[in-house]
Amino acid sequence: RKTGSINENELYTAVILVHLTLAKYAGPAACYPASRETVYNLFKVGDVDNSGGIDEEEFETIMIIVSASISSRVITYYSLILILVPYIG
């Protein structure tokens with residue numbers, strides 16, 4: 001039954017799917033998804049209307065937070081590689 005919102009487990013599944021999809025393109029830096037506990041905390045904070053579910057607008061906000069976390073990890077990872085490889089090689 002479609003309700004127009006997602007629950008905690010569905011949000012966790014979405015976060016894992018985002019990480020797996022990005023890992024294909026961004027490499028190992030994107031392969032470390034948030035823990036279930038972290039996603040549940042995002043759910044609690046993201047459910048601003050306290051409906052017990054995440055609607056589309058709340059989901060977009062949560063995905064921005066997740067994407068920012070992944071992006072910073074990827075940028076840090078590849079920056080370190082670019083800096084350290086000339087010294088190691």
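**Two helices side by side**

Keep in mind that the model is predicted. Let's start with helix α1, which covers residues 8-26 and packs against α3 at an angle of about 35°. The axes of α1 and α3 lie 11 Å apart, and α1 passes α3 in a right-handed crossing. Here are the residues that meet where these helices touch:

| Helix | Residues in the contact |
|---|---|
| α1 | Leu 11, Ala 14, Val 15, Val 18, His 19, Leu 22, Ala 26 |
| α3 | Phe 59, Ile 62, Met 63, Val 66, Ile 70, Arg 73, Val 74, Tyr 78 |

Sorted by class, this contact of α1 with α3 holds 13 nonpolar residues, one polar and one charged.

**The nonpolar core**

In soluble globular proteins, nonpolar side chains tend to be buried together. In this model, the largest nonpolar core has 15 residues. Which of them touch the most other members? They are Leu 11, Val 15, Ile 62, Met 63, Val 66 and Val 74. Two or more residues of this core come from each of α1, α2 and α3, and α3 gives the most, with five. Take a look at Val 74 too: leaving aside neighbours within four places in sequence, Val 74 is in contact with Ala 26, Ala 29 and Ala 30.

**A residue in the loop**

Now move to the loop between α2 (36-46) and α3 (56-88), where you will find Asn 50. Most residues other than glycine have a negative phi. Asn 50 is not a glycine, yet it has a positive phi of about 55°. Is Asn 50 buried or exposed? Asn 50 is exposed, because its relative accessible area is 67%, and the cut-off for exposed is over 50%.

Conventions: Residues numbered from 1 in each chain as written. Predicted model: local features only at pLDDT ≥ 70, side-chain atom pairs only at ≥ 80, totals over all residues. Heavy atoms only, no water. Helix = DSSP H or I, 4+ residues; strand = E, 2+ residues; numbered from the N terminus. Buried < 20%, exposed > 50% of the residue type's maximum accessible area, 1.4 Å probe, protein only. Axes fitted to C-alpha atoms, helices over the stretch in contact; angles between N-to-C directions. Left-handed = near helix turned anticlockwise from the far one by under 90°. Contact = heavy atoms within 4.5 Å. Nonpolar A, V, L, I, M, F, W, Y, C, P; charged D, E, K, R; others polar. Core = buried A, V, L, I, M, F, W, Y, C linked by side-chain atoms within 4.5 Å.
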